[in-house]
Amino acid sequence: MPKSWTSGGHELHLDLEPGFGRRAALERALREAIRSGRLTAGTPLPSSRALATDLGLSRGTVVQAYEQLLAEGYLTSRSRTHTEVAAVPGTATRTQSRSATNFSVPYDLEPGSPDVSQFPRSTWASALRHAVTSAVDEDLRYGDPRGHPALRRALADYLGRVRGVRISSQAIVVCTGFTNGLRLIATALRDRGGRTMAVEDFGLPFHVDAIEQTGLRAEPVRLDDDGLVVDEIPKTDGVLVTASHQLPWGTTLHPARRGALVDWARDNNAVVVEDDYDGEFRYDRQPIGAIQGLAPEHVIYAGTASKSLAPALRLAWLAVPDRLLEPIVKVRQLSERECPVFEQLAFAHLVESGGLDRHLRRMRTHYRKRRDYLLGALATSVPTVRPIGIAAGLHVTLLLPDGVRDEDAQAVLAEHGVGAHSLAAYARRRSAAPGLVIGYATPPGHTFAAAVQALATALAKLV
Ligand SMILES: Cc1ncc(COP(=O)(O)O)c(C=O)c1O
């Protein structure tokens with residue numbers, strides 16, 4: 001039932017899908033409008049009374065839907081009577097604001113991106129040239145839905161060497177980014193009769209959406225200082241975990257919990273999906289090996305080129321236990337089928353020639369310097385702000401003193417031209433402490449120092 005409402009000059013078409021309760025349909029329609037970028041951050045929503053009248057719903061239904069979206073971080077409220085669209089990480093909205101960022105937010109510290117100004121363009125160009133000139137005619141036909149064998153061999157070798165993953169190239173599936181891989185996994189679990197998947201109770205909202213779009217239900221599980229509270233995972237068909245560097249808290253899953261997680265999977269005939277999105281970047285000690293290495297038959301290891309090189313490559317990979325390989329490959333075959341072959345071959349060449357290792361070594365030094373600069377500036381200007389999760393990855397989470405409101409933090413940052421995410425935007429169930437998630441890899445070199453100084457100045461006004 002398509003409906004429209006008008007508020008403060010904003011007119012929006014909302015499609016309330018049949019087959020859902022009225023409140024669920026409204027929540028879905030609003031989420032869709034926000035994720036697709038039709039409703040951008042800062043857009044005020046009509047009062048619950050006005051929207052209820054426009055849509056022919058009860059006011060209570062609208063209030064409950066707003067409350068749910070506030071809890072999920074899609075909406076934010078300045079006061080009891082003013083609700084607006086929040087800055088949601090990883091959505092089309094954010095992508096749009098990111099490209100708009102170049103014009104409107106001079107200091108982009110939103111997490112989610114490496115420093116793309118460091119992308120090794122000439123190395124990639126020669127890898128692509130190598131791919132195009134060395135590919136045989138057979139490579140240009142429809143290929144294996146798992147990905148080109150040359151890339152799978154290179155990845156099996158690389159993952160074993162760098163992340164302690166134990167996998168044969170036969171059981172690797174190359175996909176178009178992790179989110180695509182997650183959809184493949186969730187669809188395959190559903191096709192086998194699965195119904196639910198556990199997720200950390202803080203994480204990227206669109207990962208839950210990717211799971212739920214397949215028909216599986218996502219069940220948030222509590223996190224504490226040691227990472228996912230494994231004892232509290234309900235009986236589900238799988239669990240998605242950022243074990244090496246939790247997004248957003250930055251914790252590393254405690255060694256005892258790693259073992260317990262594998263036991264949980266074994267006991268429940270379930271699968272652990274290990275999202276190792278930034279596992280290559282650890283600064284203060286040896287990288288922690290993948291959980292997959294402990295129990296390859298119970299863990300799907302997932303890696304991506306989005307942090308190590310650039311999100312635009314759309315290259316990721318799954319190391320899949322034997323029993324799930326065929327169902328996942330079947331889904332892959334019926335969807336995108338395969339990634340573009342020249343890119344696969346270029347990436348294989350980059351891995352095998354040592355070009356990726358060299359790039360990672362250089363970037364680790366680059367990011368560690370950035371992190372240290374950021375932490376130094378914050379310690380000097382705003383010592384009451386507590387950075388956590390600093391040992392790895394490309395983001396730090398800043399815990400703000402109690403009583404600081406997210407909305408105020410966002411407003412002050414915006415005044416200083418700084419883009420960052422609030423911790424609350426990652427909350428899937430419980431509410432978050434006041435905090436910010438800062439992607440220190442995102443700005444290009446020429447704005448980095450100024451971005452950090454602008455952040456420190458803004459925070460000094462706030463705390
Ligand atoms: C938690 C997490 N997982 C995975 C990814 C990578 O996703 P993709 O490979 O789809 O770019 C990201 C990137 O921001 C991430 O933050």
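Pro248 sits in the loop between strand 11 (238-241) and helix 9 (255-268), and the peptide bond that joins Leu247 to Pro248 is cis, with omega near 10°. Helices (H or I, at least four residues) and strands (E, at least two) are DSSP runs numbered from the N terminus. This is a predicted model, in which local features need pLDDT of at least 70 and side-chain atom pairs count only at pLDDT 80 or more, while totals for chains, interfaces and linings use all residues. Residues are numbered from 1 along each chain as its sequence is written, and side-chain values use heavy atoms, with hydrogens and water left out.

**Domains**

- The protein is divided into domain 1 (2-85), domain 2 (92-113 + 358-462) and domain 3 (121-353); such bounds come from an automatic or database domain assignment.
- Taken over C-alpha atoms, the centres of domain 1 and domain 3 are 34 Å apart.

**Positive phi values**

- Arg314, in the loop between helix 10 (305-308) and strand 14 (316-319), has phi near 50°, a positive value in a residue other than glycine.
- Arg314 counts as partly exposed because its relative accessibility is 34% (buried means under 20% relative accessible area, exposed over 50%, partly exposed in between, with a 1.4 Å probe and protein chains only).
- Arg337 lies in the loop between helix 11 (322-334) and helix 12, and its phi, near 70°, is likewise positive in a residue other than glycine.
- With 23% relative accessibility, Arg337 is partly exposed.

- Glu72 belongs to helix 3 (residues 59-72) and is buried, at a relative accessible area of 15%.
- Leaving aside residues up to four places away in sequence, Glu72 touches Arg31, Ala425 and Ala427 (contact means heavy atoms within 4.5 Å).
- Glu72 and Arg428 are 356 residues apart along the chain, yet their C-alpha atoms are separated by 5.5 Å.
- Thr187 is part of helix 7 (residues 178-191) and is buried too, with a relative accessible area of 13%.
- Thr187 touches Thr214 and Val331, again not counting residues up to four places away in sequence.

**Aromatic pairs**

- There are 5 aromatic pairs in the structure; rings of Phe, Tyr and Trp (its six-membered ring) pair if their centres lie within 6.5 Å, and planes under 30 degrees apart count as stacked, over 60 as edge-to-face and the rest as tilted.
- One of them is Phe119 with Trp124, which is edge-to-face because the planes stand at 65°, with ring centres 6.2 Å apart.
- Phe119 and Trp124 are both buried.
- Phe281 and Tyr367 have ring centres 5.3 Å apart and planes at 85°, so this pair is also edge-to-face.
- The pair links distant parts of the chain, 86 residues apart: Phe281 is in the loop between strand 12 (271-275) and strand 13 (299-304), and Tyr367 is in helix 13 (residues 355-381).
- Both Phe281 and Tyr367 are buried.

**Packing of helix 6 on helix 12**

- Helix 6 (residues 149-163) packs with helix 12 (residues 341-352) at an angle of about 35°, and their axes are 8 Å apart.
- Axes are lines fitted to C-alpha atoms, for helices over the stretch in contact, and angles run from 0 to 180 degrees between N-to-C directions.
- The two helices cross in a left-handed sense (the near helix is turned anticlockwise from the far one by less than a right angle).
- Helix 6 contributes Ala150, Leu151, Ala154, Leu155 and Tyr158 to the contact, and helix 12 contributes Gln344, Leu345, Phe347, Ala348, Val351 and Glu352.
- By class, this contact has 9 nonpolar, 1 polar and 1 charged residues (Ala, Val, Leu, Ile, Met, Phe, Trp, Tyr, Cys and Pro count as nonpolar, Asp, Glu, Lys and Arg as charged, and the others, Gly among them, as polar).
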